[in-house]
Each structure stands twice: as structure tokens, then as C-alpha cells.
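Colleague: Hi! Could you walk me through this one? I'm new to it.
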Amino acid sequence: MLSLKNISKYHKAGSLKTTILQNINLDVDAGEFVSIMGPSGSGKSTLLNIIGMLDEPSEGYQYFLNEPVHQLKDKQRSALYKANIGFVFQAYHLIDELTVYENIETPLLYHDIKSGERKALVADMLDRFQIVGKKDLFPSQLSGGQQQLVGIARALIVSPKLLLADEPTGNLNSKQGDEIMELFSKLNKEEGMTIIQVTHSEKNAAYGTRIINLLDGTIESSKNI
Amino acid sequence: MIKNYLKIAWRNLKRNKAYAFISVTGLALGVTCGILIFTLISYHLSFDNFHKNPDRIYRFYTEWHDGTVGMASAVPQPLGKAYRANFNLSEKTARIISYSGTLISLPGKDIKKFEEKDGVAFTEPEYFDILNFPLIQGDKRNILAKPNQALITENIAKKYWGTSDVIGNTIRLDNKISFTVTGILKDLPANTDRKQEIYVSYANLDEYTDKRHEDAWGGVYSGSQAFTLLKPNVSVERVNAALAQLVKMNFKGRDAKVWNFKIQPLSDIHFNADLDGYADRKYLWALFFIGLFLIITACVNFVNLATAQALNRAKEVGIRKVLGSLPRQLFWQFIAETALITLVATFFAVILAEVSLPLINNLFQSKMQFNWALLAPFIFIIILIVVFLSGSYPGLVLARFQPILALKSKLSQKHIGGFSLRRVLVVVQFSISQVLIIGTIIVVAQLHYSQNTDLGFNKNAIVMVPLPTDDLSKMKTLLNRFNEVNGVEKATLCYSAPASQSNSTTGVNFDHRAEDEHGGINVKAGDVNYLSLFGLKLVAGRNFFAADTTRELLVNETFVKKLNLKPKDVIGKILSIDGHHTTAPIVGVVKDFYNYSFHTEISPICISPNYHSYSNVALKINMHSANSSLASIEKIWNNTFPDELYSYSFLDDSIAKFYEMDNILLKLIEAFAAIAILIGCLGLYGLVSFMAVRKTKEIGVRKVLGASIQHILWLFGKEFCKLLLIAFFIAAPIAWWAMNNYLKDFVYKISIGPSIFLLSIASTFIIAAITVGYRATVAAVTNPVKSLRSE
């Protein structure tokens with residue numbers, strides 16, 4: 001599904017060059033559930049953002065669904081990720097001014113989906129996550145776990161091929177975290193969704209099919225479970 | 001999509017009430033001014049635009065080239081007739097001689113009396129072929145064709161008789177001549193300078209004036225006008241050349257060089273200040289720019305606040321980008337938000353404009369109305385401009401955010417750009433308000449100067465009442481009875497007060513010189529008490545002895561100076577005035593006094609008794625018993641002149657009226673200055689809020705390091721002092737230039753000194769300090785632990 005070749009990322013501040021990622025080579029196949037681990041500052045999030053095309057590498061080649069991402073123009077690149085990638089964040093990042101229903105609906109607006117169809121899709125999604133009763137509440141009225149559920153629902157509403165999650169359980173207690181991980185695992189197994197998550201927790205990493213350890217911007221180890 | 005945008009916009013406004021309030025208020029004020037100024041300007045531009053063939057209608061005017069150039073919108077009475085008889089350039093030419101302040105009485109069982117301020121006009125019938133004032137009753141073909149006919153508007157008919165069915169009724173003018181109403185005119189539109197509502201047969205003019213002016217080329221009465229409708233393809237030059245021929249035919253010697261007649265296009269009449277135009281184009285342009293500036297300021301304000309808000313919106317924008325929004329879609333979202341604010345503001349602006357229009361009409365004595373057909377597109381264009389001007393900048397900035405940075409709250413100054421831009425905007429706003437502040441101070445100072453400078457005569461506690469008679473014994477009886485009234489200290493018969501809007505200027509010959517003096521002399525008739533009642537001082541010679549006709553004369557210093565003589569040298573010399581009809585020796589010279597407003601120069605003046613000219617009684621009264629004195633005066637007056645309408649005025653009020661236009665200007669500029677300052681303060685508040693957010697961490701760190709609140713406040717103070725000083729240095733020369741032009745209209749004026757500028761900058765600083773103070777203090781007293789933790 002995606003392939004990174006010799007990816008490096010560094011910042012230049014005057015004559016000082018800070019390397020974040022160095023020479024990363026990584027292939028992920030459809031249907032995998034990859035967990036990226038590593039200490040703070042090892043470049044996990046940057047790697048995830050590069051995969052998600054929110055950030056650009058300084059060097060290297062990147063392919064997504066056989067498209068050479070490093071050669072695409074901004075517009076083509078955003079069209080590519082818009083159609084295929086869903087994001088879940090540690091801090092949920094719901095839009096505070098919108099209700100649960102509207103938050104889930106927002107990506108559909110950007111995909112130019114008609115009103116009737118939008119209603120059906122959002123209703124499906126609310127059902128599936130059993131949050132129908134909360135659809136008119138605002139994010140501030142929900143618990144963290146519920147907010148993250150909405151965040152996942154929002155990511156899934158456009159049926160992406162790849163789900164990227166940046167510490168999805170980082171702000172949750174362990175019970176809520178377990179529920180989210182169960183959900184991810186189910187998505188992966190039953191629907192064949194490709195998932196890449198960044199996590200600090202060994203336990204959460206174990207839900208996946210592969211664990212990649214990053215240290216100081218390089219891949220230290222990669223093992224299948 | 002649009003629904004979603006509006007929903008978000010609405011919720012955002014509800015959440016940030018202060019921001020919404022400031023934005024809407026600023027914009028609403030700006031748009032209100034825009035609407036009102038647009039209405040005012042389009043009202044003035046619409047003047048007399050309803051006539052047929054407007055580009056061929058002209059008015060005759062007079063120019064005197066006598067050293068300086070004098071101009072008047074009036075012409076000698078025979079001019080129109082001579083032009084009509086001698087040249088074949090016009091289709092129609094009509095003379096109209098108007099007299100203001102006339103008395104109209106309606107004969108009947110109990111006589112009704114009306115004082116008509118705009119008076120009556122002796123009019124040739126062609127007038128109504130040239131200008132489009134339609135009849136609603138009567139026969140167009142023979143109106144005013146015969147003597148003793150009158151034409152009145154429906155409005156006047158209703159005022160006199162309560163009905164418009166009044167053909168055949170009689171009106172009596174100044175108890176002298178009766179006219180039969182033969183036609184009713186449609187009410188005059190508000191947008192015309194032709195204010196007369198009563199027109200009477202031209203044939204009765206000589207009877208009314210007692211004198212035959214019909215062939216008098218040598219003088220111009222200000223009410224004597226003439227209009228003409230040129231034939232197609234006749235150029236102005238040809239007509240002016242024809243008029244030059246008329247001068248040659250009717251003037252001799254030096255007069256033939258002095259006198260010039262020309263024609264003025266109809267469209268120029270309302271605007272040409274030299275020819276009594278009401279609305280100087282200069283002031284209309286000034287208003288236009290003020291309106292433009294206020295709208296720009298409001299927009300600037302809006303951009304300022306919106307970009308300052310951008311940081312708060314960064315997270316939302318980031319999420320939307322991650323969810324797949326294109327920059328274009330985000331841009332339109334911000335445009336939609338701006339449009340919402342703008343629409344709300346416009347809504348309030350329209351209400352505000354509706355409420356304030358009557359006030360403005362009151363101020364200008366005008367009858368402006370909103371012309372929605374014109375106003376609606378204007379408002380629409382304003383909305384479009386405001387939305388795109390103020391929506392696109394924040395829209396573009398926010399749409400360009402890097403989503404990852406936004407989500408991590410790592411957005412900083414350089415991403416949302418333009419602190420320096422914001423500074424420029426605040427400087428622009430404050431430059432505009434300082435120009436207006438300086439303008440206000442100067443107009444106030446000049447008016448204060450005009451109204452408080454010693455005018456050279458006493459204007460306090462003097463009452464003027466009219467004297468509608470030529471009968472000497474009646475005058476003397478009245479004067480004696482007035483003198484007996486308790487509280488009347490002195491009384492004098494006179495033509496007018498030392499400073500007055502009615503003046504009588506005649507040619508003058510000094511000491512039997514071969515040629516008359518240039519420029520004529522202003523003759524003020526008054527009896528022996530004139531000097532003492534008005535407190536005029538003599539610099540040479542003595543007052544004249546009591547007399548009823550001119551036996552001796554006084555002149556003023558200006559006249560002596562024009563002769564290049566010393567006051568004592570003119571005493572005893574012979575002066576001949578009134579076309580050599582009156583000749584008498586000069587017995588004294590009075591100290592100069594201001595004989596009109598400070599807009600005009602002191603004229604050469606002579607004072608002498610002449611009962612034929614007396615038309616007022618001036619009474620010096622004791623103000624403690626003013627009420628009872630005035631009541632007695634009115635009673636005596638009404639007994640003496642039962643057919644006339646009593647009126648009185650205090651001299652100081654009449655003098656204050658010289659500055660009516662200046663007072664209007666003052667009120668306008670005050671209002672605009674207030675609004676500009678208000679909008680400027682809103683902008684300043686926006687900037688200081690933005691700075692406070694931006695400097696939260698810096699302030700926290702400084703406080704931890706031991707900075708006091710004063711230190712922190714100075715962080716803000718330094719910044720704003722700099723901006724205001726820059727604004728001041730931009731504003732000062734512009735204001736100096738503009739106000740210098742304004743003061744050019746005054747002959748006697750204040751000088752623009754440094755104190756005016758100091759006052760302006762001090763007041764701006766105080767206003768700014770109040771605006772900034774609160775927000776800065778809040779930022780300064782925040783507990784540093786809190787601000788540092790949030791980072």
C-alpha cells in the first residue's frame with residue numbers, strides 16, 4: 001500500500017541542522033495494523049505526518065497506492081490523501097463550535113456529497129458507534145473516550161483505505177483506551193482496514209500486527225507479531 | 001456548505017461577543033456615515049435636475065472688474081429685456097425680481113396676515129416656459145400676462161385658505177397692491193434653489209417699488225435675476241459676446257470697463273459659491289473624502305480584529321484542512337463569516353441612518369429623503385467592497401496555515417503575519433481622527449474668535465423692530481412712545497444695525513474729484529442717537545447734529561484709508577453720495593467696526609440721518625425687565641401699525657446668524673471626529689488585545705524575573721506612544737493644509753499656532769491611554785504561573 005525509500009527529515013536553523021528522521025525505509029501492505037513506538041523525540045509523529053502527507057520529507061522517495069508522492073503537486077497530493085486517509089488525534093481535535101453530528105458530517109461536505117446521502121452516512125456511523133443519543137451535543141459536553149469515538153467516526157465516515165492514529169489513547173484512562181484499541185483491532189480484522197498508530201504503550205502496540213521501534217530518527221527494529 | 005459556514009460563523013460570533021460587538025459597531029458606524037454622506041451628496045447633485053433642456057438653461061450674472069473682481073447672481077433690471085430685444089440667440093428669456101420678508105394679507109372679515117420669508121417674485125410669464133414648475137390649476141397660456149395676477153403653490157393655498165381650490169381669491173402685498181390668484185402651481189420639489197412660492201405679475205413691479213428701475217442700468221438689486229433658454233447649438237461664448245455688446249451700448253467711460261455680464265449654466269447654480277450657490281463643491285468633496293475615510297477606517301478595524309482572532313481559529317482551520325478542506329473552501333468560509341458580520345452591521349447602519357436623517361435635515365434645514373432606488377445599489381456595492389476588503393485578508397492568511405503547526409498550537413506571529421501591518425492600520429486610523437480633531441479645534445477657535453472679538457460696537461441688549469412706514473411724524477411719535485417704555489434706555493431710528501445682512505451701497509464722490517471713488521460706499525442711515533446707542537467711537541471731528549435729512553455726514557476709517565488721507569484731513573470736505581443726489585460735508589470719522597461677518601472685509605461706510613431710508617428702530621433695553629419692556633413695545637407697535645405684522649430680534653442673535661454655515665460645519669465635523677475617534681479606539685483596542693495575547697509568555701517571564709506592573713504597562717505604552725506620534729506627524733501637515741484653506745474664507749481669522757496641535761495630540765493621547773489602559777492592566781496583573789503553564 002505504501003512505501004518509503006530513504007526518507008530523511010531535518011530542520012535548519014541558521015548553521016544548526018537538526019535531524020528528525022534519517023534514512024527511513026518502510027513498506028506497509030494493505031490490511032496491516034502497524035504500531036510505531038519509541039521514546040519522546042524519536043520522530044514517531046513526524047513519520048506519521050509524512051505518511052499522512054501532512055508534512056513533507058526533506059529527502060527520499062515516497063509511494064502511496066503506487067503513486068510517487070514526492071513528485072505530486074500540492075493539489076494532487078491533497079486529493080490523494082483526502083480520498084484515502086483518515087486521521088485520529090491524541091487531542092481528538094473536534095471542532096468545538098459544531099455538534100457531534102456536524103463534526104462527523106464535516107468531511108462529507110469537503111467531499112461534495114449530497115445532503116440526503118450525508119444524512120444516511122452520518123446516521124449509519126452514529127448507529128455503528130452507538131452515539132445516536134449524543135448527536136446534538138457539543139464536544140465539551142462529552143467525556144474524553146466519547147470524544148475520541150466521535151473523532152474515529154469522523155475519520156471513518158469517508159471510508160478511507162488507511163487510518164492514521166497519533167497516540168489515540170494518550171489522553172484517555174485505561175478502560176477507555178482498551179475500548180478504543182478493541183475497536184481498532186476489530187476494524188482491522190473484520191473490515192481489513194489498514195491502520196498505522198503511534199503509541200507509547202506496549203499493551204496497545206500489541207493489538208497490532210507489526211511493531212516498529214524508532215530511536216533518534218532511525219528504525220531500530222521491526223517485528224511482526 | 002454555505003449553511004455550514006453560516007452556522008459556524010453565527011456560533012463563533014455568539015462565542016466571541018466582544019469581538020462581534022466591536023466589529024459590528026465599528027462597521028455599522030462607518031456604513032451609517034457612508035449612507036448619510038451618499039444621501040447628502042446625491043441630494044445636492046440632484047438640485048434642479050428636473051427641468052426640461054437643462055443643458056440649455058442659463059442664468060445671467062454680473063461681474064465688476066474694478067481692481068478686484070466682484071460677482072453677483074443678479075443683473076440690472078433692463079438687461080433681460082435688452083437681451084431679448086437685441087439678440088436672437090434664445091428661445092425664451094425671463095426676468096424675475098424677488099423681494100423677501102414681505103407681508104401678505106388676506107382681505108376679508110378679519111384680516112389674516114402672513115410674513116413670507118421667501119417673499120414674492122415679480123415674474124415674466126416666460127419664466128414658466130424655461131423652468132419646469134407645472135400648474136395644477138389655471139391656464140398655462142395666459143398666466144401672469146396681465147397686471148394684478150398671482151400664481152401660488154398648493155402649499156401656500158392650503159396655508160392661507162385651507163384648500164387648494166382658490167382661483168379668484170385675492171392676496172394683498174405689503175398693504176399696497178392686490179393680486180388675484182389665477183393659477184396654482186404644483187408644490188416645489190425639495191431639490192430646487194428656486195424657493196419662491198408666490199409669483200405676481202411683472203407689470204406691477206414699478207407700482208410696488210415706487211421708483212422706475214425698468215431702465216436703470218447703474219445699479220443691481222440682489223433680487224433681480226434673469227434666466228434664458230438658449231436655442232440649440234448656441235454657444236456660451238456667443239451669448240457672452242452679445243452681452244459685452246450690451247455693455248457698450250449702455251455704459252460709458254470707466255463704467256464700460258467695470259461692468260460685465262455673463263451667463264451661468266443651470267447645473268452650476270447650486271454649487272458656485274461666488275454666485276450665492278448653496279453647496280460649495282469644495283465642501284461636498286471634503287464630505288465625500290470623510291465618508292470614504294470612515295468606511296476605510298471601519299474596514300481596517302475589521303481586518304485588524306479578524307486577524308487578531310486568527311490565532312484562536314487556528315486549530316479549527318487545521319482540523320478542517322486535515323479533514324480535506326481546500327484552501328479555497330476555507331477562504332470562502334471566512335468570506336461568509338465576514339459577510340454575516342457585514343450584513344448585521346449594515347442592518348444596524350440602515351436603522352441608524354433612518355434615525356439620524358431627520359437630525360441632519362434639521363441641521364441643514366433641508367428635506368432630504370432616502371432614495372432607495374439609488375441607495376440600494378450603493379449599499380450593495382459597499383457590502384461587496386467591505387466583505388472582500390476585510391474578509392479576504394484574514395481568509396487568505398488563515399487558509400495558508402500549515403495544518404500540523406496549527407494543530408500543535410505552534411503557530412506564531414510570522415504565520416498569521418503583519419503585526420507591522422496592524423501598526424500601519426492603526427497609524428492610518430489615528431491619522432484620520434487627528435486630522436478631524438485638529439479641524440474641530442480650529443473651527444471652534446475661529447467661531448469663538450468671531451463671536452467674542454470686540455466688533456467695534458455694542459451688540460448686547462439691543463432689540464431691533466421693523467419700521468414699515470415713510471411717514472416722518474408717525475416715526476417720531478413711535479420713537480417718543482418707545483422712549484417712555486419702562487426699561488428702554490435709548491432708541492434710534494435707522495436703516496440697519498452697524499453689522500447687518502441688509503446693506504445699501506451707492507457710488508461716492510469725494511471733494512468734487514473728477515472721478516467717483518472705486519467700490520462705492522455703504523450708507524447707514526441713522527438718527528443722532530445712532531453712535532451712542534451702538535457705542536461707536538469717533539476718532540476725529542464730532543457727531544452730526546439732529547436732523548431728518550442728510551445735512552452732515554460721518555465716514556469710517558476704512559474710507560479715509562482708501563482715500564490715502566488722515567482722519568483730520570477729511571473733516572469739512574464735501575461728500576456726494578446716492579448718484580450725486582445727496583451732497584453734504586463730512587463732520588466726523590468713526591473708528592472702524594466690523595459691518596458684516598468675519599468672512600468679509602470692513603467696507604467704506606458713511607452714516608447720516610435720512611428718514612426716507614429708516615426701516616428699523618433699535619432699542620437699548622435693560623435686560624432685567626426685558627420681558628415687560630418687550631410686551632409694551634409690541635403693544636405700542638401694533639397700535640401704530642395695525643395692518644402690519646410685528647416681529648423683533650436681538651442684535652446679538654442676528655449677528656450669530658452670520659455664522660450659520662460655520663456652525664453647521666462645526667456640528668458635522670464634530671460628529672465625524674467623534675465617530676472617527678470611536679472607530680479608531682475600537683481598532684486600538686483590537687491591537688492591544690492582540691498584543692496582550694502575543695506577549696502573554698513574555699509578560700509571564702518578565703514578571704517571574706521581577707518586573708513590576710509599571711514596567712509591563714510601559715511595554716504597551718512605548719508601542720502606542722510611537723504609533724500615535726507617527727500618526728500625528730502624518731496628520732498635522734494634512735490638517736494644516738485643509739484648515740488653512742478653510743480659514744481663507746475669513747478675512748479676519750485666527751492663526752494656526754502650535755497650541756492647537758498640542759491640544760490635539762494631548763487629547764488623542766488621553767483617549768488612547770483610556771482605551772489601552774484597561775486591557776494592558778489586565779494583561780499586566782495576570783498571575784505569571786497561569787500564563788506560563790498554558791504555553
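Modeller: Happy to, and we can start with how to read the model.
Modeller: It is a predicted model, where local features need pLDDT of at least 70, side-chain atom pairs count only at pLDDT 80 or more, and totals for chains, interfaces and linings use all residues. Residues are numbered from 1 along each chain as its sequence is written, while chains are lettered from A and ligands numbered from 1 in the order in which they are written.

Colleague: Thanks! How many helices and strands does chain B have?
Modeller: Chain B has 26 helices and 25 strands; these are DSSP runs numbered from the N terminus, helices (H or I) of at least four residues and strands (E) of at least two. Its C-alpha trace spans about 100 × 60 × 55 Å along the principal axes.

Colleague: And what share of chain B counts as buried?
Modeller: Of its 791 residues, 40% do. Buried means 20 or more other C-beta atoms within 10 Å of the residue's own, exposed means 12 or fewer, and partly exposed is in between, with C-beta atoms placed from the backbone.

Colleague: Which residues have the most contacts inside the largest nonpolar core?
Modeller: Leu294(B) and Phe672(B), in a core of 155 residues. Such a core is a set of buried Ala, Val, Leu, Ile, Met, Phe, Trp, Tyr and Cys residues joined through C-beta atoms within 7 Å. Helix H22 (residues 660–694) of chain B gives the largest share, 17 residues.

Colleague: What is Leu294(B) in contact with, leaving aside neighbours within four places in sequence?
Modeller: Its partners include Gly30(B), Cys33(B), Phe672(B) and Ile679(B). Contact here means that the C-beta atoms, placed from the backbone, lie within 7 Å. Apart from this core lies another one of 54 residues, among them Tyr530(B) and Trp637(B).

Colleague: New topic: is Ala216(B) buried or partly exposed?
Modeller: Ala216(B) is partly exposed, because it has 14 other C-beta atoms within 10 Å. Its place is in the loop between helix H6 (205–209) and strand E12 (224–230) of chain B. Leaving aside neighbours within four places in sequence, Ala216(B) is in contact with Pro76(B) and Gln77(B).

Colleague: Over to chain A. At what angle do helix H3 and helix H4 pack?
Modeller: H3 (residues 100–110) and H4 (residues 115–128) of chain A pack at about 130°, with their axes 10 Å apart. Axes are lines fitted to C-alpha atoms, for helices over the stretch in contact, and angles run from 0 to 180 degrees between N-to-C directions. The contact is made by residues including Tyr101(A) of H3(A) and Met125(A) of H4(A).

Conventions. Contact = placed C-beta atoms within 7 Å.
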